[in-house]
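Subject: Structure handover

Hello,

Here is the structure I said I would pass on.

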Amino acid sequence: MTPLPTWMRRALLATAGMNLVGALTFTPWGAPIRDFAGMPPAPAVYLLVIGVFVLLFGVGYFVCGATGRADPLLIASAAAGKLSFFALLLAFAVAGDLPIRAPLAAVGDLVFGVLFVVWLAGLRR
């Protein structure tokens, strides 16, 4: 486990909160939030699977932020997931399959993904 600078601890704690909201959004009861973000309807089982994964990563972010230590592999997985989520929404919006508000709703994932990459790049020095 690698010690974290204060800014990274704060980023992890903030993204833990964001993931909690995201997990609630990807439940069957989060339909109003998904509608606002322009996400298409999906069967409850798929929503709950996504919600559980988002929640579990959020718990991991919280633990890392609270303890001030993180495994770089977790942060690399987090960066990949957050950047991929934003990129997929952007690609679908550009293709006309989602409204532009969908990737705009995921800008937080883009920001945290970039912050995680910056932290990982700093480990290489």
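Predicted model: local features only at pLDDT ≥ 70, side-chain atom pairs only at ≥ 80, totals over all residues.

Overall fold

The chain is built from six helices and two strands. Their order along the sequence is β-α-α-α-β-α-α-α. With a radius of gyration of 15 Å, against the 14 Å that the globule rule gives for 125 residues, the chain is as compact as a globular protein of that length. Along the principal axes, its C-alpha atoms fill a box of roughly 40 × 25 × 20 Å.

Of the contacts with a separation of 6 or more, 73% are between residues 24 or more positions apart. As for burial, 34% of the 125 residues count as buried. The chain exposes about 7200 Å², and 75% of that area is supplied by carbon and sulfur atoms.

Nonpolar cores

The largest nonpolar core has 15 residues, and those touching the most other members are Leu 4, Met 8, Leu 12, Ile 75, Phe 116 and Trp 119. Helices α1, α3, α4 and α6 each give two or more residues to this core. Apart from it there is another core, of nine residues, which includes Leu 47, Phe 86, Leu 89 and Ala 102.

Leu 4 is worth a look in the viewer. Neighbours within four places in sequence aside, Leu 4 is in contact with Arg 9, Leu 12, Cys 64, Gly 68, Arg 69, Ala 70 and Trp 119.

The salt bridge

How many salt bridges does the structure hold? There is one, and it joins Asp 109 to Lys 82, with 3.0 Å between the closest N and O atoms. The pair links distant parts of the chain, as Asp 109 sits in helix α6 (residues 107-123) and Lys 82 in helix α4 (residues 72-94), 27 residues apart.

Are the two partners buried or exposed? Both Asp 109 and Lys 82 are buried. For Lys 82 the relative accessibility is 5%, and buried means under 20%, so this residue falls in that class. Beyond its neighbours within four places in sequence, Lys 82 is in contact with Thr 15, Met 18, Asn 19, Tyr 61, Asp 109, Phe 112, Gly 113 and Phe 116.

Helix α4 also holds Ala 80. At 42% relative accessibility, Ala 80 counts as partly exposed, whereas Lys 82 counts as buried. Ala 80 and Pro 32 are 48 residues apart in sequence, and their C-alpha atoms are 27 Å apart in space.

Leu 13, Leu 20, Leu 24, Leu 55, Val 59, Phe 62 and Val 63 make a nonpolar surface patch of about 610 Å². The elements that give two or more residues to this patch are α1 (6-25) and α3 (44-67). Helix α3 provides the largest share, four residues. Val 63, one of the patch residues, is found in helix α3 and counts as partly exposed, at 43% relative accessibility.

Regards

Terms used:
Residues numbered from 1 in each chain as written. Heavy atoms only, no water. Patch = residues over 30% accessible without salt bridge, like charges linked within 9 Å, V, L, I, M, F, W, Y side chains within 5 Å. Areas by Shrake-Rupley, 256 points an atom, 1.4 Å probe, with all protein chains shown as cover. Salt bridge = Lys/Arg side-chain N within 4 Å of Asp/Glu carboxyl O. Buried < 20%, exposed > 50% of the residue type's maximum accessible area, 1.4 Å probe, protein only. Core = buried A, V, L, I, M, F, W, Y, C linked by side-chain atoms within 4.5 Å. Contact = heavy atoms within 4.5 Å. Rg over C-alpha atoms; globule rule 2.2 N^0.38 Å.
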